[in-house]
Amino acid sequence: MEKSFASFLVEPIPVEKKLSTELKIREILHCDNIEALKVYTIHLLEQNVNNSYVLTHALVRILEIEEEELFN
């Protein structure tokens with residue numbers, strides 16, 4: 001049976017990604033420069049909003065294409 005694109009969304013996060021995230025968390029926890037943390041937080045928030053917007057629209061389009069293939 002062929003997997004749909006949406007089924008790939010439930011794949012577990014690779015160990016490499018978990019490790020790189022943990023290293024970044026530790027770096028942040030050890031940072032004493034509040035101004036640098038503020039700038040970093042602002043960039044993360046902006047990036048998160050952009051990623052969410054792109055991902056949402058991409059998933060909607062992918063689901064539309066899968067629906068077209070299924071019913072045509």
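These legends walk through several close-up views of a predicted model.

Some notes on reading them come first. Residues are numbered from 1 along each chain as its sequence is written, and because the model is predicted, local features need pLDDT of at least 70, while side-chain atom pairs count only at pLDDT 80 or more. Totals for chains, interfaces and linings use all residues, and side-chain values rest on heavy atoms, with hydrogens and water left out.

View 1. Helices (H or I, at least four residues) and strands (E, at least two) are DSSP runs, numbered from the N terminus. Of the 72 residues in the chain, buried ones make up 1%; buried means under 20% relative accessible area, exposed over 50%, and partly exposed in between (1.4 Å probe, protein chains only). The accessible surface comes to about 6,900 Å², and 65% of that belongs to carbon and sulfur atoms. Such areas come from the Shrake-Rupley method with a 1.4 Å probe, and for residues only the protein chains shown count as cover.

**View 2. Helix 2 and its N-terminal cap.** Helix 2 covers residues 34–71, which is 38 residues. From its first C-alpha to its last, helix 2 reaches 55 Å, close to the 56 Å expected at 1.5 Å a residue; the expected span is 1.5 Å times one less than the number of residues. At the N-terminal end sits N33, whose side-chain oxygen lies 3.1 Å from the backbone nitrogen of E35.

View 3. Side chains of opposite charge can pair when their charged atoms come close. The structure holds 5 salt bridges, each being a side-chain nitrogen of Lys or Arg within 4 Å of a carboxyl oxygen of Asp or Glu. In one of them, E22 meets R26 at 2.9 Å, N to O. E22 is partly exposed at 34% relative accessibility, and R26 is partly exposed at 48%. Another salt bridge joins E27 and K24, with the closest N and O atoms 3.5 Å apart.

**View 4. A salt-bridge network of R61, E64 and E68.** The side chains of E68 and R61 meet in a salt bridge of 4.0 Å, N to O. E68 counts as partly exposed at 41% relative accessibility, and R61 has a value of 41% as well. Salt bridges that share partners bring E64 into one network with R61 and E68.

**View 5. I28 and its contacts.** I28 is found in helix 1 and is partly exposed, with a relative accessible area of 31%. Leaving aside residues up to four places away in sequence, I28 touches L37 and Y40, where contact means heavy atoms within 4.5 Å. I28 and Y40 are 12 residues apart in sequence, and their C-alpha atoms are 9.5 Å apart in space.

Notes: Polar contact = N/O pair within 3.5 Å; in protein donor to acceptor, adjacent residues only side chain to side chain.
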